[in-house]
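Colleague: I would like to learn how to read a protein model. Can we go through one together?

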Amino acid sequence: MFQLAVYGKGGIGKSTMSANISLMLAQRGHRVMQIGCDPKHDSTRLLIGGGSQRTVLDYVREVPERDRRLEDVMVTGSGGVMCIESGGPEPGIGCAGRGILTAFDTIRHLGADGSGADVRLYDVLGDVVCGGFAVPLREENADGVVIVTSGEFMSLYAANNIMKGIRRFTPDRPRLIGIVLNSRGVEGEEAAVRRFAEATGTRIIAVVPRDRLFASAEAAGHTVCEMFPDSEAASAVRGIVDRIEEVMSGAAMDVPRPLDDDQMSDLAAGREIRPGNRVPADVPLCTGCEAHTGWRQKYSCASCGAVMALARLRDTAVVVHGPRSCAYLMDSAYLSTVADLYTGGVYDDPMPDNIYCTSMDDSSAIFGGAGCLADTMDDAYGDGFREVAVVTTCVSGMIGDDCDAVARDFEAAHPDARATVVHTDGVINGDYFDGMDAVMGILIGSVDPSAAPVPGTVNLVGSSFFDLQSPEAAAELGRMLSVFGLRVNCRLLDDTTMGSVRSFLGGSVDVLLNEERAADFEEEVMAVTGASRRVMRLPTGLDEYVGWLRGMSEVTGLPSGDEESRARSRWEGFVSDHRETFLGKRVSLSTVIPRNMDWMVDMLSDLGAEVVRFGFTKGADERCGVTARHRDMLIYDYGKREISADWETLHPDLLLYDVDIPDRYPGNSLRMSRIGPGIEPPLRFMESVADALSRGCGE
Ligand code: SF4
């Protein structure tokens with residue numbers, strides 16, 4: 001079977017030309033199938049008496065897959081030509097390019113390859129240069145391409161783009177049959193097209209005259225070849241079909257050399273076309289893409305990051321506007337990273353079931369997904385949610401669904417509800433952290449600047465966002481807050497509600513739980529609301545904890561009672577109980593997390609151990625909060641090689657690490673996982689250090 005693609009700018013007459021070519025091929029004994037690939041579905045009109053036929057995409061929308069048959073979308077037209085129209089969405093919604101892909105898949109599944117056709121002609125709109133409309137240009141779909149153009153610049157511009165598409169798929173393979181000049185009667189038209197053909201390395205295979213007989217035949221719903229076979233117009237079509245048959249018999253085709261912008265300007269101005277920079281056959285990746293090819297996509301896509309952030313709002317339904325597979329991946333990621341918080345004792349209430357999906361399918365991807373989005377938001381409202389956040393995915397982003405309009409309609413229909421749209425569009429707008437940041441930006445922007453601080457309340461900022469808290473850590477934090485009788489106003493962002501985020505400024509003091517990101521959030525809150533906040537960092541170890549108790553007393557005006565002396569005696573008791581185990585031991589520290597480790601250096605020293613190395617994996621230019629007091633000991637760029645070298649020369653009794661260490665590290669080592677705040681979690685960790693040292697001594 002020979003597959004032929006006829007491309008051209010919209011309105012240039014390619015459908016008329018396609019129908020005439022199909023008919024004449026059929027009259028010469030070929031079994032021809034013509035597939036119209038234009039949403040306005042009028043390619044085969046002149047072959048079926050001027051009427052219209054059911055399109056493949058309408059059929060896909062209306063008929064379940066198991067009931068579909070090729071006969072339902074294929075009409076036999078003049079000369080026995082098998083006529084199919086792919087169809088597509090209305091202008092302004094959905095994705096017609098995606099529609100072409102689906103139509104091709106559907107026709108193939110319905111058995112078009114077994115229809116007996118020996119020529120299959122695709123009539124394709126050539127203005128659009130997206131991947132969907134380029135499907136018929138692919139090597140497996142088109143053995144040869146005919147471009148229909150007039151001498152007008154925009155038509156030649158479209159022809160040039162079609163040539164670029166051919167080169168992209170097959171840079172060196174000759175697949176261009178030639179150009180059909182469909183005359184518009186413009187002065188100098190033929191000369192302009194000849195210059196274009198010559199400059200692009202191809203040929204004009206027919207000059208079709210501007211002939212009123214075309215209009216007469218079309219008015220009657222027929223092709224000019226059928227109604228006026230002896231006309232000049234029919235003779236021109238004969239020339240096209242002659243050339244196609246030659247090619248089918250093995251005659252050479254052309255490799256087009258599309259023009260660059262400067263050359264197109266020369267063509268338009270009637271100047272000599274300069275040599276110019278030819279469009280390269282293989283357009284290299286942009287530097288941005290190249291920069292991304294070497295590293296793993298961090299933690300999935302921006303949509304996933306947005307869902308992970310929003311799902312932590314108990315009162316908010318998160319609507320993933322995309323295929324079910326997207327929501328499945330995001331839900332799985334959520335379960336595997338956040339579920340521990342709710343099932344592991346960090347929070348009292350079970351995890352909310354608040355992730356919805358619009359389950360976009362082929363139909364909504366082609367014809368637009370606004371309907372299924374509106375339905376899903378209504379479902380969430382029916383389930384009791386009055387806050388609904390929509391997260392766009394690759395599919396809804398690419399087809400350009402107007403989610404903001406759907407959100408406005410939703411709010412108009414439900415005055416007691418609020419809708420928010422996060423335009424993450426999957427990977428297109430960045431990675432996981434970009435999605436989270438987008439949500440944080442929206443949340444921070446929603447903070448009510450008029451809320452006044454309420455004494456005795458606290459905000460917890462940057463909680464388990466990037467550093468999941470253990471039940472023990474959560475219990476210690478709860479105990480620390482209870483020293484002052486403080487209650488939580490808002491957790492940004494865990495186990496909270498949209499309402500508490502809005503009343504963020506009602507918290508009298510902000511405690512930053514995560515040294516890496518919480519400070520950024522805090523700064524943004526202040527920048528957006530203009531409020532000056534009282535901020536306390538979360539302490540670890542005795543010295544920081546004592547400082548924190550005093551600071552909290554100062555900012556809240558509340559006493560800490562005898563907590564300072566209790567903590568001091570607990571800490572000192574531990575030191576005296578374990579000093580024997582640590583005395584004289586050589587300990588090496590290696591970290592990649594810029595958390596403050598001063599307390600550990602101090603405690604090892606109090607216990608009589610020697611810190612022989614204090615290494616930070618990253619460079620000195622990275623933000624480094626590893627130490628405030630022991631910077632003189634710190635060395636940067638401390639990686640596997642350095643760890644190995646130190647083993648040879650320093651022989652530490654124990655390596656404490658949270659980075660990758662050499663696979664066969666010969667010494668005693670212990671990973672520092674999430675240690676936790678206050679007094680008890682660090683003491684529990686030091687207990688495990690004592691165990692590791694004891695084990696090492698016994699070996
Ligand atoms: S990258 Fe796109 S397709 Fe994949 S999960 Fe994210 S939104 Fe869905």
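Colleague: What distance separates the centres of domain 3 and domain 4?

Modeller: First, this is a predicted model: local features need pLDDT of at least 70, side-chain atom pairs count only at pLDDT 80 or more, and totals for chains, interfaces and linings use all residues. Residues are numbered from 1 along each chain as its sequence is written. Domain bounds come from an automatic or database domain assignment. Here domain 3 covers 454–538 and domain 4 covers 574–698. Their centres, taken over C-alpha atoms, are 29 Å apart.

Colleague: How many residues does the contact take from domain 3 and from domain 4?

Modeller: Two residues are in contact if their C-beta atoms, placed from the backbone, lie within 7 Å. Domain 3 gives 11 residues and domain 4 gives 11 residues. On the domain 3 side, five are nonpolar, one is polar and five are charged. Nonpolar means Ala, Val, Leu, Ile, Met, Phe, Trp, Tyr, Cys or Pro; charged means Asp, Glu, Lys or Arg; the others, Gly among them, are polar.

Colleague: In which order do the four strands of the open sheet lie?

Modeller: Strands of a sheet pair through backbone hydrogen bonds, either parallel or antiparallel. Strands are DSSP runs (E, at least two residues), numbered from the N terminus. Two of them pair if DSSP finds at least two bridges between them. In this sheet the order is E14-E13-E15-E16, with parallel pairing. Strand E14 (487–492) and strand E16 (535–537) are the edges, each pairing on one side only.

Colleague: Over how many bridges do E13 and E14 pair?

Modeller: Strand E13, residues 454–461, pairs with E14 over five bridges. Leucine 460 has arginine 491 in E14 as its bridge partner.
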